[in-house]
Amino acid sequence: MAIVMVLFYLMMIRPQKRKEQELRNQVNAIKENDRVLTVGGIYGVVTNVQRDQQRVTVRVDESNGTKLRLNMSAIARVLTAEEQENE
């Protein structure tokens with residue numbers, strides 16, 4: 001039983017914690033002009049970061065400049081250059 005528990009930890013819990021930590025690091029390092037994906041599925045460009053309030057402003061529409069103010073926890077992913085090209 002102990003072996004099964006150790007295997008479960010090594011195969012399931014540890015990789016999940018690593019991914020969560022990686023996302024937290026990316027969100028904490030977010031800066032202006034980064035492209036992001038929100039948990040609601042909205043793509044946008046960061047225009048302002050307020051670290052003391054844990055808030056970011058994201059521009060979601062280029063044509064009329066629509067912006068959303070979001071909590072930093074609403075960011076699901078910071079897009080890399082490769083992901084931006086595929087978009």
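Me: In which helix is the place of Phe8?
Reply: The structure shown is a predicted model. In this model, Phe8 lies within the helix that covers residues 2-28. That helix is H1.

Me: Is Phe8 buried, partly exposed or exposed?
Reply: The relative accessible area of Phe8 is 43%. Buried would require under 20% and exposed over 50%, so a value in between leads to the middle class. Phe8 is therefore partly exposed.

Me: What accessible area does the nonpolar patch on the surface have together?
Reply: Phe8 belongs to a nonpolar patch on the surface, whose members include Ile3, Val6, Leu7 and Tyr9. Leu10, Met11, Met12 and Ile13 are also among them. Together, the residues of this patch have an accessible area of about 890 Å².

Me: In what order do the five strands form the open sheet?
Reply: The five strands are paired in an antiparallel manner. Strand E4 (66-71) and strand E5 (75-78) each have a single partner strand, so both stand at the edges, with one side left without a neighbour in the sheet. On average, and with direction ignored, neighbouring strands are turned by 45° against each other. The order is E4-E3-E2-E1-E5.

Me: Which residue in E4 is the bridge partner of Arg55?
Reply: Strand E3 spans residues 55-61 and runs antiparallel to E4, to which six bridges join it. For Arg55, the bridge partner in E4 is Asn71.

Me: Which residue takes a positive phi in the hairpin of E3 and E4?
Reply: Four residues stand between the two strands of this hairpin. A phi near 70° is found there, and the residue that takes this positive value is Gly65.

Me: How many salt bridges does a search of the whole structure find?
Reply: Side chains of opposite charge can pair when their charged atoms come close. Lys31 forms a salt bridge with Asp34, and Arg59 forms one with Glu62. The search of the whole structure gives a count of two.

Me: Is Asp34 buried or exposed?
Reply: Asp34 pairs with Lys31, their closest N and O atoms being 3.4 Å apart. The relative accessible area of Asp34 is 14%. The cut-off for a buried residue is under 20%, so this value decides the class. Asp34 is buried.

Me: What is the relative accessible area of Glu62?
Reply: Glu62 forms a salt bridge with Arg59, the closest N and O atoms being 3.4 Å apart. Arg59 is partly exposed, at 23%. Glu62 is exposed, with a relative accessible area of 56%.

How values were computed: Residues numbered from 1 in each chain as written. Predicted model: local features only at pLDDT ≥ 70, side-chain atom pairs only at ≥ 80, totals over all residues. Heavy atoms only, no water. Pairing = 2+ DSSP bridges. Axes fitted to C-alpha atoms, helices over the stretch in contact; angles between N-to-C directions. Patch = residues over 30% accessible without salt bridge, like charges linked within 9 Å, V, L, I, M, F, W, Y side chains within 5 Å. Areas by Shrake-Rupley, 256 points an atom, 1.4 Å probe, with all protein chains shown as cover. Salt bridge = Lys/Arg side-chain N within 4 Å of Asp/Glu carboxyl O. Buried < 20%, exposed > 50% of the residue type's maximum accessible area, 1.4 Å probe, protein only.
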